[in-house]
Amino acid sequence: MDNHCICCSKKPFADCCARFLGGTQQARTPEQLMRSRYSAYALGGHGDYLLRTWFPATAAGLTARELSQRSCEWLRLEVLAKQQHGDKGLVEFRARYRDDKGQEQVMHEKSVFQRSGGRWFYVGGEVSSAPA
Ligand SMILES: [Zn+2]
């Protein structure tokens, strides 16, 4: 096992998502936030981070406890496109995971981000699922 970040950035974890998950730094771009949220899901146990970076209006009803559970095994992340216009951001990505039947699946999402008070938040995403 190497110490590369689980978000597939090829950077050491300490120089990548660990800074954001640990709360020592705020993500400065929508892509950094998206990657750190993927890492939070992939590692499990970071529900508080996921909730803290979720736009409050769209996070209604979610709990840190539920978000901390690993629902599947995340295998790989590819960022396909990113855009930023002022306080709005968009990141398109493909994430591979193994479902509870051991089948490899692909989640393709266009995530929308909003900056508020100098911090980026995840607003929501347009998801399309397809077999691997
Ligand atoms: Zn990372």
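Biologist: Which two residues, Arg35 or Glu31 among them, are separated by about one helical turn in helix 2, and why?

Modeller: Arg35 and Glu31 are separated by about one helical turn because they stand four residues apart in helix 2; helices are DSSP runs of H or I of at least four residues, strands are E runs of at least two, and both are numbered from the N terminus. The model is predicted, so local features need pLDDT of at least 70 and side-chain atom pairs pLDDT 80 or more, while totals for chains, interfaces and linings use all residues. Residues are numbered from 1 along each chain as its sequence is written, and side-chain values use heavy atoms, with hydrogens and water left out.

Biologist: What do the side chains of Arg35 and Glu31 meet in?

Modeller: Side chains of opposite charge can pair when their charged atoms come close. Here Arg35 and Glu31 form a salt bridge at 2.9 Å, N to O (a Lys or Arg side-chain nitrogen within 4 Å of an Asp or Glu carboxyl oxygen). Arg35 is buried at 14% relative accessible area, and Glu31 is buried at 16% (buried is under 20%, exposed over 50%, partly exposed in between, with a 1.4 Å probe and protein chains only).

Biologist: How many salt bridges does the rule give, and where do Asp87 and Arg115 lie?

Modeller: The count is seven. Asp87 and Arg115 meet in a salt bridge of 2.8 Å, N to O. That pair links distant parts of the chain, 28 residues apart, with Asp87 in the loop between strand 1 and strand 2 and Arg115 in strand 3. Asp87 is partly exposed at 38%, as is Arg115 at 27%. Another salt bridge joins Glu104 to Arg96, the closest N and O atoms being 3.5 Å apart; Glu104 is partly exposed at 35%. Shared partners join the salt bridges of Glu31, Arg35 and Lys82 into one network.

Biologist: Which residues lie nearest the centre of the second largest pocket?

Modeller: Rolling a probe the size of a water molecule over the atoms shows where empty space is left. A pocket is an open set of points on a 1 Å grid over the protein atoms alone where a 1.4 Å probe fits, with protein on both sides within 12 Å along at least five of seven lines; lining residues have an atom within 4 Å of a point. Of the 16 residues lining the second largest pocket, Thr29, Glu31, Gln32, Arg35 and Lys82 lie nearest its centre. Helix 2 gives the most to this lining, with four residues.

Biologist: And which lie nearest the centre of the largest pocket?

Modeller: The largest pocket is also lined by 16 residues, and Tyr41, Trp74, Phe93, Met107 and Glu109 lie nearest its centre.
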